[in-house]
Structure formats: structure tokens, C-alpha cells
Amino acid sequence: MKKLVTSTFLFLIALAPTLAQTTVDARDIIAKINRKEAVSYQNATITGDLDLTNLANRKEVREGSWKGESREYLSVVEAPISFKNCVFKGKFLAYRTDASEERRVISISNTVYNADFTEAVTVQNCTFEDDATFKYSNFGQRALFTDNTFREIALFKYAKFHNDADFSGSSFRGYADFKYTNFNESSAFQKVAFDNYADFKYTKFDERVNFQQARFSRMADFKYTHLPRGTNFDDARFEGGTDFKYTTLDGRKFSPSRR
């Protein structure tokens, strides 16, 4: 009987991290960011849209005109953020446009909201159940997006990573958009699973990038992509279409072998 009680006690201790999953309202996280407090969550379910484009420090950086040019607003996350083993039930927004304008067939003007990150960003072993949008975002420090699952669109188009960026072990179930993205330092997509369209068209890698053992199940678009010396595609699998037209590796024409 004593052994049974002991075994049950040890089992409950081992199970504790799973049972400790907490629920956090996205608005509480925004409040912390507005106070410039470091954000750190583990084993949490985030409810509601985490909208980083409407922070207290938001300012207009480009004013529209009668000609129909876009108005642009920028918010800045000025403290480090860390999410580990979390689930985002709503959207993770560092970019958005006015919903009313998105529905227009012909839009004369547009209003764009963005968020930049001046400190380290760590998102590891998390699940994004809705869109994750970082279009035009600047990442000033190291950005870790490892072992995550992106169930919908992952939008990093035009983003700029000024320090190391790592997406290793992540799974992109929806459209993975890295078109025109700039990686100023080393980056990694090792063992990443691209289940949908992987768009790296016009992407610029200034330092080495690692795609070792990455899997591209559908279209892999690297047209016009700049790859530096030290780029690694070892054991990468291309199971769908590919486009490496005008792709360069260290200034020379490049196309990896299919597996």
C-alpha cells in the first residue's frame, strides 16, 4: 500500500507541469508591455488577440494624402518578451490593416499598423491557432521562434532581423511568407516542416542560413533569393514544386538537388 501511495505521489509531481497550464487574457500582456515590463509566460493559454500594433507609444510615421497614400502607425515593444510552451488562441498581431478597408474591392487609401521589437523575442514550443503577422517588423535583438506550430498564415514579409534569427524545429501548416525579408545575421530553419507554400522570394540572407533537414511539402519559392557562403541545404527534402530562378549563392547561380 505504501508503495502504491508513493508511486501515485510521484506521478502527480510529474504531471504537475501539464496541470499547471494557466489562462491569460491578451489584454493583461498588453498592459505589461505598456508599462515596459519584461513579459515571460510558460505553460499558458493566451486568449483574445494579442494586438501589439496599438500600444501606448503608438505614433504616426507616415501621413496619407488626398492621392490615396497609406497612413502608417508604429508601436514599439521596448521590453523583452518570452513565451514558452504556450497556446495562442487568437491572432498574434504585429501588423494589421483596418478591417473595413481590407474588405474593399478597390481601396484608394489604406491605414497600416505595425510593431517593432527593440529587445529579445523568444517564442518556443508554442502553438499559434490563428494568424501570426509580423509584416514590416524590425527585430533589434535575437529572435527565437523554435519548435512552434503555425496553424494559419505566418506573415514575416518585409520583416528585418538585425540579429540572429532561429525558426528551427517549427511547423508551418499554412502559408509561410518570408518574401522580401532581410536577415542581417545568421539564421536557421533546420528541421522546419513547410506543409504549405514556403515563400522566400527576394529574401536576403546576409550571413549563413541553415535549412538542413528542412521539408518542403508544397511549393518552395526562392526566386531572386540571395544566399551567402555557408548556406546549408543538406538533407533538405523538396516534395512539391520549386523555383530557384535567379537564386544566387555567394553571387553564383544556385539550385539544390531534389531528394
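V39 stands opposite I81 in β7. That pair belongs to a predicted model. The chain in this model holds 3 helices and 35 strands. Of its 259 residues, 44% count as buried.

- Strands β2 and β7 pair in the parallel sense, over 4 bridges.
- Both strands are part of an open sheet of 7 strands, whose order is β2-β7-β12-β16-β20-β24-β28. The pairing in this sheet is parallel.
- The edge strands are β2 and β28 (209–210), and each of them pairs on one side only.
- Helix α2 lies across β2 and β7. The helix runs at about 150 degrees to β2.

**The sheet that contains β4 and β33**
- Another open sheet has 8 strands in the order β4-β9-β14-β18-β22-β26-β30-β33, again with parallel pairing.
- Strands β4 and β33 (242–243) stand at the edges of this sheet. Each has a single partner strand, so one side of each is left without a neighbour in the sheet.
- Within the order, strand β26 (residues 198–199) and strand β30 (residues 220–221) run parallel and are joined by 2 bridges.
- In this pair of strands, A198 stands opposite A220 in β30.
- As background, the strands of a sheet pair through backbone hydrogen bonds, and the pairing is either parallel or antiparallel.

**The largest nonpolar core**
- The largest nonpolar core has 59 residues. Those that touch the most other members are F83, F145, F167, F189 and F211.
- Two or more residues of this core come from each of α2 (26–34), β2 (39–42), β3 (44–47), β7 (81–84), β11 (111–117) and β12 (121–124).
- Helix α2 gives the most to this core, with 4 residues.
- F83 has contacts beyond its neighbours within four places in sequence. The residues it reaches include I29, V39, Y41, I46 and L50. Also among them are F88, F92, T122, V123, Q124 and C126.

**T53, a buried loop residue**
- T53 lies in the loop between β4 (50–51) and β5 (59–62).
- T53 has a relative accessible area of 0%, so it counts as buried.
- The side chains of T53 and D51 are joined by a polar contact of 2.5 Å.
- Not counting residues up to four places away in sequence, T53 touches R58, S75, L93, A94, Y95, R96, Y113 and N114.

**Y113, a buried strand residue**
- Y113 is found in strand β11.
- The relative accessible area of Y113 is 10%; because buried means under 20%, Y113 is buried.
- Y113 and Y95 are 18 residues apart along the chain, and their C-alpha atoms are separated by 5.6 Å.
- With neighbours within four places in sequence left aside, Y113 is in contact with T53, R58, Y73, A94, Y95, R96 and D98.
- One of these residues, D98, also makes a polar contact of 3.3 Å with Y113 through the side chains.

**The chain as a whole**
- Among contacts in the chain with a separation of 6 or more, 31% are between residues 24 or more positions apart.
- The chain exposes about 13500 Å², and carbon and sulfur atoms supply 46% of this area.

Key: Residues numbered from 1 in each chain as written. Predicted model: local features only at pLDDT ≥ 70, side-chain atom pairs only at ≥ 80, totals over all residues. Heavy atoms only, no water. Core = buried A, V, L, I, M, F, W, Y, C linked by side-chain atoms within 4.5 Å. Buried < 20%, exposed > 50% of the residue type's maximum accessible area, 1.4 Å probe, protein only. Contact = heavy atoms within 4.5 Å. Polar contact = N/O pair within 3.5 Å; in protein donor to acceptor, adjacent residues only side chain to side chain. Pairing = 2+ DSSP bridges. Axes fitted to C-alpha atoms, helices over the stretch in contact; angles between N-to-C directions. Areas by Shrake-Rupley, 256 points an atom, 1.4 Å probe, with all protein chains shown as cover.
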